Amino acid sequence: MARKSQTPMTVDLEPVQLVGPDGTPTAEERYSRDLSTETLCWLYEMMVVTRELDDEFVNLQRQGELALFTPCRGQEAAQVGAAACLRATDWLFPQYRELGVYLVRGIPPGHVGAAWRGSWHGGLEFTTKCCAPMSVPVGTQTLHAVGAAMAAQRLGEDSVTVAFLGDGATSEGDVHEALNLAGVFRVPCLFYVQNNQWAISTPVRKQTAAVSIAHKAIGYGMPGIRVDGNDVLACYAVMAEAAARARAGNGPSLIEAVTYRLGPHTTADDPTRYRDQQELDRWLALDPIPRFRRYLQGLGLWSQSLEDRVAARSAGQRAELRDAVFDAPDFDVDELFTAVYAHITPELEAQRRQLRAELARTE
Ligand SMILES: Cc1ncc(C[n+]2csc(CCOP(=O)(O)OP(=O)(O)O)c2C)c(N)n1
Ligand SMILES: [Mg+2]
């Protein structure tokens, strides 16, 4: 028997766009562009800082200081816009490419660096900011996000959780289970898919036979929204609306931010082997940062002093990251065991003793 649902049975294929590629406001009227001057300038600053730090992470990896890195170049608007409208107590469940999200949440870049250096697990510093550690096993974080949302629901909190995932992750069984569970229990979880067109070398057209990723929402009984992932204001507005819906007890949403990964999948990847320059050029013309700068210029909010301030902040953050990575303290192996439960279990205590004994033999 079909269940009555208030969920719309259609999804608009045209992504929500508030600022066009030329930086002028679009005719879209369903969402507001009304943010304070301070917030608008801060969104710009966060996107630039994200890009600058992203470059620094790549440099550090090339210099042998980091094991690997997953650049987010091109996805700054999708990440900054989505994270910026949330509350500090809304739990985030990232995949591994969400540098802009970490920065908006106030996670120090050095802690992200420590995780990629492998010198320290990095997890604890993420969790103090209500952000789960990065998830390299693709899609598994969506189940954690739903579990946390169920907990918030049962505790009567009005917080939401966000699962950040990629287009490739939507093919994982875990993601189906997470979406289904969230839909059935109407939990306050937002599924935020950054469709960056590629899952390593697999293009999105080979990822799904659905009309779009957002269209899958219909099958899970939740709203599906496509948004221009290179338009920071649109990402902000769509996410804010979905978060308000979830907070009011009206269940989950599936948001597809249509964007592009301008760089390689990781520092170990060479994208020229599977995609052509013409495609890259098309997306370079849609770069989210110059677009938003033009928008601020149109409003009379851009100034050389804003640009100088942003450049100074970026340079400071880059230096801070380098210092943190170079001076990272040696990993305290005890944390492998003590950071798992509030009180260490007898099994973990036995493992800790065994590892200490082995280390003592090799020293
Ligand atoms: C369960 C699992 N299967 C395969 C991999 C290998 N893998 C790493 S990243 C990736 C592509 C994921 O693509 P997408 O979800 O679109 O995220 P993006 O890297 O584009 O941000 C794959 C298949 C993995 N890490 N985990
Ligand atoms: Mg992808």
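The model is predicted, and the values below are computed from it. Ligand 1 has 16 residues around it, while the sheet is an open one of 5 strands.

**Ligand 1 and its shell**

- Among the 16 residues around ligand 1, those that come nearest are Y96, R97, G168, A169 and W198.
- Sorted by class, the shell around ligand 1 is made up of 8 nonpolar, 5 polar and 3 charged residues.
- A nitrogen atom of ligand 1 lies 3.0 Å from a backbone N or O atom of V138.
- For G168, a backbone N or O atom lies 2.8 Å from an oxygen atom of ligand 1, and a polar backbone atom of W198 is likewise 2.8 Å from an oxygen atom of the ligand.
- Taken on its own, ligand 1 has 580 Å² of accessible area, of which the protein covers 71%.

**The sheet and its packing helix**

- The 5 strands of the open sheet follow the order 1-2-3-7-6, and their pairing is parallel.
- Strand 1 (91-93) and strand 6 (224-228) each have a single partner strand and stand at the edges, so one side of each is left without a neighbour in the sheet.
- From one strand to the next, the twist averages 20 degrees.
- Strand 6 runs parallel to strand 7 (residues 253-258) and is joined to it by 5 bridges; D228 has V258 of strand 7 as its bridge partner.
- Helix 2 (residues 76-84) packs on the sheet, where it touches strand 2 (161-166), strand 3 (189-195) and strand 7, and the direction of helix 2 makes about 165 degrees with that of strand 3.

Note on methods. Residues numbered from 1 in each chain as written. Chains lettered and ligands numbered in written order. Predicted model: local features only at pLDDT ≥ 70, side-chain atom pairs only at ≥ 80, totals over all residues. Heavy atoms only, no water. Near = heavy atom within 4 Å. Polar contact = N/O pair within 3.5 Å; in protein donor to acceptor, adjacent residues only side chain to side chain. Areas by Shrake-Rupley, 256 points an atom, 1.4 Å probe, with all protein chains shown as cover. Nonpolar A, V, L, I, M, F, W, Y, C, P; charged D, E, K, R; others polar. Pairing = 2+ DSSP bridges. Helix = DSSP H or I, 4+ residues; strand = E, 2+ residues; numbered from the N terminus. Axes fitted to C-alpha atoms, helices over the stretch in contact; angles between N-to-C directions. Contact = heavy atoms within 4.5 Å.
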